[in-house]
Amino acid sequence: MGKKKGGKRLNKKQVTEMLQTLFQQSPNETFSFKQIFRALKLDTHPAKMLAIDTMEEMAWDDFLSKVSENSYRLNTKGQVQEGTFIRKANGKNSFMPDDGGKPIFVSERNSMFALNGDRVRVSLMARRQNHIKEAMVTEIIAHKMDQAVGKLKVEKDYAFLITEGNIFVHDIMVPKKKLKGGKTGDKAVVKITQWPSKDSKNIVGEVIDILGKQGENNAEMHAILAQYGLPYKYPKAVEEAASKIDAGITPEEISRREDFRDVWTCTIDPADAKDFDDALSIRSGGRGLWEVGVHIADVSHYVKEGTIIDKEAVKRATSVYLVDRTIPMLPEHLCNFICSLRPDEEKLCYSAIFVLDEEANVKSWHLAHTVIKSNRRFAYEEVQEILTSPNPSKGGGKRPDKNSSTSEDEKEALRTLDKLAKKLRERRFKGGAVKFDREELHFDIDKDGKPTRCYFKKSNDATQLIEEFMLLANRSVAEMIGKVKKGQKAKTLPYRVHDQPDPTKLEALREFVVKFGYKLKTSGTKGAISKSLNALMDGAQGKREQKLIETVALRAMMKAKYSTHNIGHYGLAFDYYTHFTSPIRRYPDTMVHRLLTKYQEGARSANRDKYEELCEHCSDMEQVAQNAERDSIKYKMVEFMADKIGNTYEAHISGIQSYGIYCEIDENHCEGMVPMHDLDDDYYDFDEKNYCLVGRRHHHKYQLGDPITIQVARANIEKRQLDFTLAE
């Protein structure tokens, strides 16, 4: 073999790496043996033979192309790809190809210091003896982020921004003259001015905003938003544009609309809601029929396409709901005042008006621009109390009523809406909709934003009443555009689509639940599979394994998203479904309103490519908003537990990973982790397929869903992380 400096012989791995680098640096060049030996300084016969053998293998592996008996070049066909770089804290970085193929491993030395989410071009490397496919980053096409959020550390000669997570390889250097008055311990937003390169591994930036001291509620919430690139301030120019919008409704505008001002109408929302974007009206249609109006704030009447307000709404795509605040998609003047369907105020709406029989069958319906005047603003809790109180007309007798301001006629209207909603819901599940009544974690917080209570909110009759009528409107609108006669082409519309479950994950679920004595169909029609899933959920109800089975089943489900290419909504069992009912807080609903209005006026189909691009953006922003919301919940959870270090709680195992077990406290639903090193009575192997850890010697098992007693060990607010230990 050839020798390196210092007398060490070159091995095959080293020669492979040298050849890869040579060919990748000159992807369009053909090299003769002589040129290769000279470039790699191979001057002994064994070293040259090793290189020739290695190139032969690389050609078999499609990494190289053999041009002649004595020359090779890089096989660029399929070897160069573009996609997204995924950075991992443990160095196991990967490249996600644009074509949707499987992720490919990228070692740190081949990463070119790419950051998480960067758009990169890679060159596939020849497979080594371990046959793991690898890629080398050859170009960073575009950085995903040009700013970062973290904690400042100011030294004598320079300063650093220390960021959490795995976004950056190193802390960001900040020249002292670019600190904008920031001090050690301040949360700050830094714009990156210099990226890592061959010459310097440093990332350099300048402070563009000081959010406040670490631990301050506002600073921490703004830091979460900034971390995800979400805005935490509303641009003044956009607010000023909104303030100039005239809220007055002219007689001419009313004459163009259906008038519902004299029909009993109400809004039902969370007690702390300010933006009421949907209202329900009900009146008798005679002969056992009911006319129910689903009235939606007519945002597109006020927000015109291409205006400064619209551009800001497109960028945001959704309102973001953190634990203690809402970051609205639209300026406050619009979302909380002009468009909000507040009681005793005339409002413009876009409405789906249904005529239903006593069994909630839709006899007819139409879509119309309307004007309404809501009679009552109800909170969910008020409506729930009315629906669960004895009904005097049914011989339930009278009892003291907290809702004394609600007349008997209003209560009867709500009971009728509830009865119809229950029929709709029953039919939906019979039609194959999947039952996933997920609980939502909520906090009570004081005036300083500190959490005082942590609890789950379950859906009830009041929330389900609203849900069913919103589903009916969304579905009907989607069918109106998407359901066309054979041979006709449907006009462009953004749909809310949900694909069928991942077959592999579904099969894994079947294999898993059979151990608990349950059956699950994984083949057959969509309806048969969803009915089987519902039977599984019903069978597990109230059992110890209920949460475990729900968690595993949820993982088999695909994510819902927006697209102009309709594939139906699997979870709801609807062939056509869109989002029409929340234009104040979701941009796709505004797009749908605009298109429906144009189509009602006789317009041709809109440009599908343009709307598909907007759909993808809205789906991405929805995911970003959900991540920020999750982080705010984690932060409040840790803050809530910070003064409870050392306390012992009954909990259950809510997640299992190779590095530890996640436990959710039964009393307050806060989740933390018992690190693997705390399980020191044995060496535990992670059984990913069966969601458990198994001890090698004593075979003790920690299974998802198992009850467990924990002690709170650490509450790291900075990392938004709770650590538990097993209680003695």
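## Backbone angles in two loops

Ala573 is located in the loop that runs between β26 (561–563) and α16 (587–600). The model is a predicted one, and the values reported here are computed from it. The phi angle of Ala573 is near 60 degrees, a positive value in a residue other than glycine. For context, most residues other than glycine have a negative phi.

Tyr691 is buried, with a relative accessible area of 17%.

## Overall dimensions and composition

The protein chain has 728 residues, of which 48% count as buried. Its secondary structure consists of 17 helices and 34 strands. The C-alpha trace spans about 100 × 65 × 65 Å along the principal axes of the chain.

The accessible surface of the protein chain amounts to about 36,500 Å², and carbon and sulfur atoms contribute 49% of that surface. Among contacts with a sequence separation of 6 or more, 64% join residues 24 or more positions apart.

On the surface, a patch of negative charge is formed by Asp609, Glu613, Glu616 and Asp620. Of these residues, Glu613 is found in helix α17, which covers residues 608–641. With a relative accessible area of 61%, Glu613 is exposed, because the exposed class begins over 50%.

## Salt bridges

The structure contains 57 salt bridges. One of them pairs Arg257 with Glu253, where the closest N and O atoms are 2.7 Å apart. Both partners fall in the buried class: Arg257 has a relative accessibility of 10% and counts as buried, and Glu253, at 12%, also counts as buried. The limit for this class is under 20% relative accessible area.

Another salt bridge joins the side chains of Arg342 and Glu345, with an N to O distance of 3.0 Å. Arg342 counts as partly exposed at 26% relative accessibility, and Glu345 counts as partly exposed at 25%.

A further salt bridge is formed by the side chains of Asp461 and Lys422, at 3.3 Å from N to O. Asp461 lies in helix α12 (residues 461–482) and Lys422 in helix α11 (residues 408–430), so this pair ties together parts that are 39 residues apart in sequence. Asp461 counts as partly exposed, with 22% relative accessibility, and Lys422 counts as partly exposed, with 38%. Elsewhere, salt bridges that share partners connect Glu82, Asp98, Arg119, Arg121 and Glu139 into one network.

## Contacts of two loop residues

Which residues does Thr318 touch, not counting residues up to four places away in sequence? These contacts are with Met329, Arg585, Met621, Glu622 and Ala625. Thr318 itself lies in the loop between α8 (308–316) and β18 (320–322). At 16% relative accessibility, Thr318 counts as buried.

Lys483 is placed in the loop between α12 and β25 (495–497). At 53% relative accessibility, Lys483 counts as exposed. When residues up to four places away in sequence are not counted, Lys483 touches Ala478 and Tyr576. Lys483 and Tyr576 are 93 residues apart in sequence, while their C-alpha atoms are 7.8 Å apart in space.

Conventions: Residues are numbered from 1 along each chain as its sequence is written. This is a predicted model: local features need pLDDT of at least 70, side-chain atom pairs count only at pLDDT 80 or more; totals for chains, interfaces and linings use all residues. Side-chain values use heavy atoms; hydrogens and water are left out. Patches are made of residues with over 30% relative accessible area and no salt bridge: like charges are joined within 9 Å, nonpolar side chains (Val, Leu, Ile, Met, Phe, Trp, Tyr) within 5 Å. Accessible areas come from the Shrake-Rupley method with a 1.4 Å probe; for residues, only the protein chains shown count as cover. A salt bridge is a side-chain nitrogen of Lys or Arg within 4 Å of a carboxyl oxygen of Asp or Glu. Lys and Arg count as positive and Asp and Glu as negative; His and the chain ends are not counted. The place of a charge is taken as NZ of Lys, CZ of Arg, CG of Asp or CD of Glu. Helices (H or I, at least four residues) and strands (E, at least two) are DSSP runs, numbered from the N terminus. Buried means under 20% relative accessible area, exposed over 50%, partly exposed in between (1.4 Å probe, protein chains only). Contact means heavy atoms within 4.5 Å.
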